[in-house]
Amino acid sequence: MTKKHVVVVGAGFAGLMAARELQAAGISVEIIEARDRIGGRAWTEERMGRPLELGATWVHWYQAHTWTEIVRYNQPIVASPEPQTVYWNRSTGETCQGTMDEVDALLRPAMAEVFARGDEYFPNPLDPMWILSDRYDGPAELREQFLADDQKSVLDIIRESGKFSHEQLDLMSSYWAAGYIGNPDTGSSLMAKQWAALSNMDLGLLDDITLKFKLVNGMQGIYNAMAEDLTCNIRLNTPVTKVQHTTDGVSLTLEDGEVITADATIVTVPAGAMNTIEFSPALPQKMQKVVDRGWNSKGAKIWIKIKGHHKILGYAPFPAKMSVVRSEYFTDDNTTILVGFGGDHSAVDLNDTAVAQEIINQFNPELEVVDSTGHDWVADKWSGQAWGTLQRGQFSDGWDNFKDTGTQMFFAGTEWSNGWRGVCIDGALESGMITARRIIQDFRQQA
């Protein structure tokens with residue numbers, strides 16, 4: 001029997017995981033990557049005098065696939081610093097200052113309202129579509145409420161409850177503008193509810209899973225190690241312009257005109273960049289609808305260096321340039337490097353220190369900015385978005401539409417994962433593994 005060959009499009013975590021699984025099963029693999037580097041939206045680069053994560057950052061043992069790779073490659077982790085001073089802005093223009101305990105007292109009851117029914121919708125949070133499947137035998141009312149909540153944002157839930165102050169609404173706007181890396185009023189509340197279910201319905205645990213621990217050597221410590229385990233060819237600077245796919249195989253056209261044929265392909269391109277590829281036949285309407293609409297993730301991440309050592313956390317409601325800013329590193333030259341997240345990439349020049357000073361001024365104008373940096377993932381041709389978070393309606397009709405094309409073209413990536421979609425690398429690893437194992441099983445059945 002001729003050895004099967006699979007082309008993986010994209011050398012991010014999903015692509016690297018898929019290639020490693022296929023290689024281990026004895027399948028011929030090659031990776032085609034448009035960028036001049038591996039890692040995708042995980043990118044560790046030397047800036048501000050130290051390695052910084054321009055994309056994915058935090059890890060945790062509750063991220064099962066990520067933790068397996070951390071153990072596999074013996075990568076140490078370190079905790080982010082705990083803030084001593086918290087600033088939170090009100091939409092009325094006032095700035096408050098206090099402690100984490102004071103902010104938690106405002107956030108927790110509002111979060112509990114948003115998280116409500118998360119454990120009912122997602123009794124197994126890694127089976128997120130269970131309630132819409134034939135396996136669900138519970139009350140129809142719960143399914144109807146699930147669909148209704150998909151059409152609501154987290155802020156809709158807070159407003160409709162009538163239980164919370166404007167101050168609490170502003171804090172929720174700040175938190176979820178960062179969490180959704182986009183407008184918190186347009187994101188599906190089901191994504192927050194699933195994150196809650198993945199965190200045992202515990203806000204403190206959710207924060208720990210998504211924001212507390214990072215890799216000492218950066219994400220590069222994992223993606224470089226994964227690449228080193230591959231014997232297959234990884235072709236960089238090689239955009240794919242067309243994918244022809246049938247039930248028998250695939251043909252990929254590269255930017256320089258070269259055509260590659262294979263028994264199957266795994267496309268790990270984010271939805272935001274999928275229009276850079278012509279698909280023949282065209283994507284099914286339910287998939288193309290997602291590509292045309294895009295995700296909710298239109299925001300940005302920034303790194304800001306300020307004078308002095310300061311353990312701070314700042315919240316500012318959307319549409320602030322940055323809705324969450326927090327201390328991450330303390331340098332030997334008596335500066336602090338902070339990380340920030342905002343919901344609108346077009347509102348901020350990530351490399352303009354004057355803009356960074358405006359961001360810091362909203363919390364404490366006495367702090368002096370000396371540098372700022374970042375990468376605009378939304379403007380990046382090969383991503384077209386930040387991490388993939390869902391707009392209203394896209395939980396029940398969006399990401400899950402990419403599970404099956406009916407041909408030998410498959411999709412993998414954080415957007416299509418069952419678990420930690422978007423906010424960390426875990427979903428990409430999960431999706432890459434599941435997709436590769438599906439192909440392996442299909443090939444074995446054909447043998």
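Q: Helices (H or I, at least four residues) and strands (E, at least two) are DSSP runs, numbered from the N terminus. In this predicted model, between which two strands is the loop that holds proline 319?
A: Proline 319 is joined to phenylalanine 318 by a cis peptide bond. Omega there is about 15 degrees. The loop that holds proline 319 runs between S17 and S18.

Q: How are H3 and H6 oriented to each other: roughly parallel or roughly perpendicular?
A: Helix H3 (residues 100-115) and helix H6 (residues 154-161) have axes 9 Å apart. Their packing angle is about 105 degrees. Angles of 65 to 115 degrees count as roughly perpendicular. H3 and H6 are therefore roughly perpendicular.

Q: How many residues of the contact of H3 with H6 are nonpolar?
A: H3 brings Ala110, Glu113 and Val114. H6 brings Val154, Ile157, Ile158 and Ser161. Of these contact residues, 1 is charged and 1 is polar, and the nonpolar count is 5.

Q: Which strands are the edges of the open sheet of 7 strands?
A: The order is S8-S7-S17-S18-S19-S16-S20, with mixed pairing. Neighbouring strands are turned by 20 degrees against each other on average, direction ignored. An edge strand pairs on one side only. The edges are strand S8 (95-98) and strand S20 (369-374).

Q: What angle does H12 make with S20?
A: H3 packs on the sheet against S7, S8 and S17, and its direction makes about 40 degrees with that of S7. Helix H12 (residues 353-361) also packs on the sheet, touching strand S16 (300-307), S18 and S20. The angle between the directions of H12 and S20 is about 105 degrees.

Q: Which residue of S12 stands opposite histidine 245?
A: Strand S11 (residues 240-245) runs antiparallel to strand S12 (residues 250-254), with 5 bridges joining them. A hairpin of 4 residues connects the two strands. Opposite histidine 245 stands valine 250.

Q: Which residue of S15 stands opposite lysine 242?
A: S11 also pairs with strand S15 (residues 278-280). That pairing is parallel, over 3 bridges. Opposite lysine 242 stands glutamate 278.

Q: Which element gives the most to the lining of the largest pocket?
A: The pocket has a volume of about 580 Å³. Its lining takes at least two residues from each of H3, helix H7 (166-179), H9, strand S17 (312-315) and strand S18 (324-330). The top contributor supplies 6 residues, and it is H9.

Q: How many charged residues line the largest pocket?
A: The lining has 30 residues. Tyr175, Asp207, Thr210, Leu211 and Arg326 lie nearest the centre. By class, 17 of the lining residues are nonpolar and 6 polar, and the charged count is 7.

Technical notes. Residues are numbered from 1 along each chain as its sequence is written. This is a predicted model: local features need pLDDT of at least 70, side-chain atom pairs count only at pLDDT 80 or more; totals for chains, interfaces and linings use all residues. Side-chain values use heavy atoms; hydrogens and water are left out. Axes are lines fitted to C-alpha atoms, for helices over the stretch in contact, and angles run from 0 to 180 degrees between N-to-C directions. Angles under 35 degrees count as roughly parallel, over 145 as roughly antiparallel, 65 to 115 as roughly perpendicular and the rest as oblique. Contact means heavy atoms within 4.5 Å. Ala, Val, Leu, Ile, Met, Phe, Trp, Tyr, Cys and Pro count as nonpolar, Asp, Glu, Lys and Arg as charged, and the others, Gly among them, as polar. On a 1 Å grid over the protein atoms alone, a cavity is a set of points where a 1.4 Å probe fits but cannot get out, and a pocket is an open set with protein on both sides within 12 Å along at least five of seven lines; lining residues have an atom within 4 Å of a point. Grid points are joined across faces, edges and corners, and a volume is the space filled by probe spheres set on the points. Two strands pair if DSSP finds at least two bridges between them.
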